[in-house]
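Hi everyone, thanks for making time for this.

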Amino acid sequence: MVREGSCLCGKIRISFEGEPINKMLCHCLDCRKISGSAFSTNIVVPAAGFKILSGTPKTYVTDGDSGQEITSYFCGDCGSTLWRNGKVTDFNPIVKAGVIDDSNFFVDNEAKPRVELFSHRRPRWVKEIPGAVQM
Ligand SMILES: [Zn+2]
Ligand SMILES: [Zn+2]
């Protein structure tokens with residue numbers, strides 16, 4: 001199944017297909033800054049099925065909380081980060097699940113994280129996801 005995603009202004013559009021490699025909720029400090037919120041919800045997708053349909057994202061490279069270099073791809077007009085990529089996932093894009101256009105992706109269980117990363121940083125007022133591996 002092909003999934004499409006876009007930034008807030010719609011200039012950058014992406015698509016991906018293939019079974020997600022992982023589904024990760026992340027409590028790292030980078031994700032806090034990028035999202036402006038408590039955590040991020042991410043889908044690691046196979047690089048082979050990932051495409052940029054329109055627009056040219058800007059990039060920002062940093063050493064992530066993992067200590068490994070990671071590149072953020074974001075819209076220079078509206079600022080949405082659509083995905084990150086790096087050695088940490090063998091260069092399979094880490095799509096920010098909130099950019100996926102079909103809102104049922106969240107409502108149904110498709111986006112439900114299998115893993116919580118940096119769970120030691122989880123705010124005390126956020127509950128663990130039942131069944132998710134805590135790392
Ligand atoms: Zn945009
Ligand atoms: Zn993170």
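**The sheet and what surrounds it**

Okay, let's start with the sheet: eight strands make an open sheet, and going across it you read β6-β7-β8-β9-β4-β3-β10-β11, with mixed pairing. Now look at the edges, where you find β6 (58-63) and β11 (133-134). Each has a single partner strand, so one side of each is left without a neighbour in the sheet. Keep in mind that this is a predicted model.

What holds strands together in a sheet, by the way? Strands pair through backbone hydrogen bonds, and they can do that either parallel or antiparallel.

Strand β3, residues 22-26, runs antiparallel to strand β4, residues 40-44, and five bridges join them. If you want to find one yourself, go to Met-24: its bridge partner in β4 is Asn-42.

Let's zoom out. How many helices and strands are there in the protein? There are two helices and 11 strands. Starting at the N terminus, the elements go β-β-β-α-β-β-β-β-β-β-α-β-β.

And the overall dimensions? The C-alpha atoms fill a box of roughly 40 × 30 × 25 Å along the principal axes. For 135 residues, you'd expect a compact globule to have a radius of gyration near 14 Å, and the protein has 14 Å, so that agrees.

Two last numbers for you. Of the 135 residues, 33% are buried. And if you take contacts between residues at least 6 apart in sequence, 54% of them join residues at least 24 apart.

Key: Residues are numbered from 1 along each chain as its sequence is written. Chains are lettered from A and ligands numbered from 1 in the order in which they are written. This is a predicted model: local features need pLDDT of at least 70, side-chain atom pairs count only at pLDDT 80 or more; totals for chains, interfaces and linings use all residues. Two strands pair if DSSP finds at least two bridges between them. Helices (H or I, at least four residues) and strands (E, at least two) are DSSP runs, numbered from the N terminus. The radius of gyration is taken over C-alpha atoms; the globule rule is 2.2 Å times the number of residues to the power 0.38. A residue is buried if 20 or more other C-beta atoms lie within 10 Å of its own, exposed if 12 or fewer, and partly exposed in between; C-beta atoms are placed from the backbone. Two residues are in contact if their C-beta atoms, placed from the backbone, lie within 7 Å.
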